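Subject: Two-chain model for you to look over

Hello,

Here is the structure I promised. Please open it alongside this note.

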Amino acid sequence: MGWTPLDGIAERSAVDSIRCRLVSTANAHTRRSVNVGTAAHQDLVRAERAHQEIDHEKSYTVHKARAWLCSRISSTLSNDGTIRDSQDFACDCLRIDSYLGNVGLYRRPSLHSLLDPAMPAEAIPTGDGTYLDDIPSGQSYSGDAALLAALRSNDPGAYRQLIRLQGGRMLATARRIVDYDEARDCVQEAFLQAFRNIDTFQGKSSLATWLHRIVVNAALMRRRKRSRQVEVSLDSLMPVFDDTGCRIEPSYALLGEPDLAERTEVRAALLDAIGRLPHEARQIILLRDVEDLNTDQTADELGITIGAAKVRLHRARAALKRLLEPTFGAQTIAKSGVER
Amino acid sequence: MTKIKAFVSRMPMMMTCGEVEAVLLDYAEGRLSPYARFKFELHIKMCRECWNYLAAYRKSMALSTGVLGAADDPAPDDLPEELVDAIMAVRDAEQS
């Protein structure tokens, strides 16, 4: 194969390609051509070669995943070249997904959430050589995939583990937005909201990041309620143009101090401003700035087109800029050229 | 001044402020093609209003990312055990 090392994007794309094929195979639950598995194998080989140039440890992990998939493909083949047991194959796919996810090769939607919900929980591998059913009740789960599977199987121990694992961090985050008593309420509210929606969690970010976004949103809402601020209309905050199409903009811009985010009053003003945004605008800001999702992932998460996501994000950013101006804007910035 | 800007914006290669607005997010996130970026920057260099707008837009983006993002992640607090129990109690009540 005339393969050359890829840059990060192409490499991620190769791994994503594997995931898509594995998911489609796993979802099928019918006999499929082995071509699917073979193509996935080829992609793993490519990803492995790319990683050899970057990180020996990751390369080794991908190598292990490839070897595992290789052996499973051969053992699940029927004489006619179809996959003998698609559910068994799906379990192997999950294990590989776990390998790749654990070394941070890509941000993936959890395969668990994409698989047929009829798939029994005991068939779900945990990624460390055991299956979910092998774990006695009360034992801790390692990794997001295992914990998520346990949460979805309604294991109370898993819920308690998640609270203990993430609660302290969430409490600290909420406390930076509201006072301690309110922060406790926000954490409780965030966990209960997450538990109700655990089946819809798509795994584009980690469980920790997802929970972080929920608690930030809960705290912002509580802060807005406490300060009796009202939601603003985005239309009133959009840029203005004159009859000739020229922008009408005050001759000042936000202060350019590099440590602006460190200042308490700046943080407070920003949090108030975000809290005043309408739900859709606030949601997209949180997805981008808290969960660090890219445009495609954001669009997918919100169930809208990429174009619509871009427009929504731009309107939210424009509104946020306008809301911040009264606090920080009264200083002219010398025009010294375009920032690179 | 506005009339001069309106005239200039009709010259070849020049974008209007409205066209700049439509691709501003793509520019700020580095997603414009080299040609589109060149045209964008040509306009920004000639239009003080758009230059100010872009500077403020970028600053507010950086603030939002800085305050909300992972870089601002605080050290975890001690989680009171009674809070864990309270959350589990409400969850159990919702289940039953």
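What percentage of the 340 residues in chain A is made up of buried residues? The figure is 40%. Bear in mind throughout that this is a predicted model.

**The two chains**

Chain A has 13 helices and two strands. In chain A, 66% of the contacts with a separation of 6 or more are between residues 24 or more positions apart.

Chain B has five helices and zero strands. Its pattern along the sequence reads α-α-α-α-α. Chain B has 96 residues, and 30% of them count as buried. Take the contacts in chain B between residues at least 6 apart in sequence: 53% join residues at least 24 apart.

**Where the chains meet**

The contact draws 55 residues from chain A and 47 residues from chain B. On the side of chain B that touches chain A, at least two residues come from each of helix 1 (2-8), helix 2 (17-28), helix 3 (34-46), helix 4 (48-68) and helix 5 (81-95). Helix 4 of chain B supplies the largest share of that side, 19 residues. By class, the side of chain B that touches chain A has 26 nonpolar, ten polar and eleven charged residues.

One helix pair spans the two chains. Helix 8 (residues 180-196) of chain A packs on helix 5 of chain B at an angle of about 40°, and the axes are 10 Å apart. That angle makes helix 8 of chain A oblique to helix 5 of chain B. The crossing of this pair is right-handed.

From helix 8 of chain A come A:Arg184, A:Val187, A:Gln188, A:Phe191, A:Leu192 and A:Phe195. They meet B:Leu83, B:Ala86, B:Ile87, B:Val90 and B:Arg91 in helix 5 of chain B. By class, this helix contact has eight nonpolar, one polar and two charged residues.

The axes of helix 8 and helix 9 of chain A come within 9 Å and cross at roughly 130°. That makes helix 8 of chain A oblique to helix 9 of chain A. The crossing here is right-handed.

On the helix 8 side of chain A are A:Glu182, A:Ala183, A:Cys186, A:Val187, A:Glu189, A:Ala190, A:Gln193 and A:Ala194. On the helix 9 side of chain A are A:Leu211, A:Ile214, A:Val215, A:Ala218, A:Ala219 and A:Arg222. By class, the contact has ten nonpolar, one polar and three charged residues.

**The core**

In soluble globular proteins, nonpolar side chains tend to be buried together. Here the largest nonpolar core has 75 residues. Which of its residues touch the most other members? They are A:Ala174, A:Cys186, A:Val187, A:Ala190, A:Val215 and A:Ala219. Helix 4 of chain B gives the most to this core, with ten residues.

A:Ala174 is worth a look. Leaving aside neighbours within four places in sequence, A:Ala174 is in contact with A:Ala183, A:Cys186, A:Val187, A:Val215 and A:Ala219.

**A covered helix**

Helix 11 (residues 279-289) of chain A is mostly covered, with eight of its eleven residues buried. The buried residues are A:Ala281, A:Arg282, A:Ile284, A:Ile285, A:Leu286, A:Leu287, A:Arg288 and A:Asp289.

**Two loop residues**

A:Gln229 lies in the loop between helix 9 (207-226) and strand 1 (240-241) of chain A. A:Gln229 has 13 other C-beta atoms within 10 Å, so it is partly exposed. Leaving aside neighbours within four places in sequence, A:Gln229 is in contact with A:Arg224, A:Asp272, A:Gly275 and A:Arg276. A:Gln229 and A:Ala273 are 44 residues apart in sequence, yet 9.6 Å apart in space, C-alpha to C-alpha.

A:Met238 is also found in the loop between helix 9 and strand 1 of chain A. Is A:Met238 buried or partly exposed? A:Met238 is partly exposed, because 14 other C-beta atoms lie within 10 Å. Not counting residues up to four places away in sequence, A:Met238 touches A:Arg315 and A:Ala318. A:Met238 and A:Ala318 are 80 residues apart in sequence and 6.4 Å apart in space, C-alpha to C-alpha.

Over to you.

Best wishes

Notes. Residues numbered from 1 in each chain as written. Chains lettered and ligands numbered in written order. Predicted model: local features only at pLDDT ≥ 70, side-chain atom pairs only at ≥ 80, totals over all residues. Contact = placed C-beta atoms within 7 Å. Helix = DSSP H or I, 4+ residues; strand = E, 2+ residues; numbered from the N terminus. Nonpolar A, V, L, I, M, F, W, Y, C, P; charged D, E, K, R; others polar. Axes fitted to C-alpha atoms, helices over the stretch in contact; angles between N-to-C directions. Parallel < 35°, antiparallel > 145°, perpendicular 65-115°, else oblique. Left-handed = near helix turned anticlockwise from the far one by under 90°. Buried ≥ 20, exposed ≤ 12 C-beta atoms within 10 Å, placed from the backbone. Core = buried A, V, L, I, M, F, W, Y, C linked by C-beta atoms within 7 Å.
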